[in-house]
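Here is a short walk through one model. Begin with its sheet, then turn to a pair of helices.

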Amino acid sequence: MDEGAAAAWLSALLVSRRPPSGAPPAAQVLARARAERVHLLVADAVAHAAEGAGLFPAAEIERLAGEIRAAAVEDVARTRELLRVVGALERAACQPIVFKGAALAHTHYGRPWLRPRLDVDVLVAEPCRERASRVLRDLGYERPPFVSGRLVMYQEPLVRAEAGGLEHVVDLHWRVANPQAVSRVLSHAEIAARSVIVPVPGGDLRVPCPADALVLACVHRAAHHQDAQDLLWLFDIHLLASGLAEADWRTVVGTAQAGAVTALCARGLALVAERFGTVVPSWVTAGLAPPEFTEASAVFLRAGLTPAGRLRSDLNALAVADRARLLVEIVVPPKSYMRAVHGDAGWLPWLYVRRVAAGAGKWLRPSRRAR
């Protein structure tokens, strides 16, 4: 079974939760499932289907069952910590919105621990950025070294490690995405106005409505990850799309058109229709058809797009006065970042020169395009 056949088998399993016919090589399928981060979903489906008996080696089944149990225990701690974070932000009047994987795990997966995620994405209004960051630091979070600035980054990573070794990572956003062409596709105010409150063990979370979550999922997959076809991200889109009513679809089309991301949304929905048989109304497909003019965000669907091409997209989306500032923020990051990365060794101007020289070649190297 080649990789394409393995991916098709996994896609069918995820949708039906029953192993499709055929006898896939266990090692190849499980390796692909792990690479796609759907191994826990696969293991759970196989364990609960009569057809799953004997499909994988007993030792591998036991190993996966142990991983599911560990993920479930860890999820309790992660959910408790997430509620602590959003509670503190709520008390500080930041109105936090949990979005992307951490939200979808609770809204669209029956058991959230089956949906892997490396961090928690939390959106606040731009004026609340500094206040929200202070709140998290008061909770024991620390900011690792990262390139920051007014234009180069619209999120801030914050990390806290528990005594037992469990690490919590919060990506604090004040815009939904970093690329300039899509950073304003949905504002905090727009998402908050349509947001929903979902119950989780021990409390509640504010998350985007399903229509907004679908637009964000399509944009994130394409704009942040170079049109990556990772099965987990596509399955997110499938689950979101499969639950939409007509009014929700109208919101998707309207938001995509207003935010000039119809091509990104059309691409995501086309992929899940192909992979999972997701039903998308014909009038939605027509509404997301490429406009007469080329959307700036469509650049992220271009094969062979280089970091230099992404930078050109960012510069084109900015006012003239901001273009020079963005270039400076990229080439000359804050001194605190440089010292955190390089320590006290080295003359600072030389470190900047070395940084530019070392990274020059990367700007012209196409980003890896996922399957």
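What is the strand order of the open sheet? The four strands run β1-β2-β4-β3, with mixed pairing. Strands here are DSSP runs of E with at least two residues, and helices are runs of H or I with at least four, both numbered from the N terminus. Two strands pair if DSSP finds at least two bridges between them.

This is a predicted model, in which local features need pLDDT of at least 70, side-chain atom pairs count only at pLDDT 80 or more, and totals for chains, interfaces and linings use all residues. Residues are numbered from 1 along each chain as its sequence is written, and side-chain values use heavy atoms, without hydrogens and water.

The sheet has β1 (97-99) and β3 (155-161) at its edges, each pairing on one side only. From one strand to the next, the twist averages 30 degrees. Inside, β2 (residues 120-123) and β4 (residues 167-173) run parallel, joined by four bridges. Asp 121 has Asp 171 of β4 as its bridge partner.

Helix α6 (residues 129-138) packs on this sheet and touches β3 and β4. Its direction makes about 170 degrees with that of β4. Angles run from 0 to 180 degrees between N-to-C directions, and axes are lines fitted to C-alpha atoms, for helices over the stretch in contact.

Now the helix pair. Helix α13 (residues 307-317) packs against α14 (residues 320-331) at about 145 degrees, with the axes 9 Å apart. Leu 311, Asp 314, Leu 315 and Asn 316 of α13 meet Arg 323, Leu 326, Leu 327 and Ile 330 of α14. Contact means heavy atoms within 4.5 Å.
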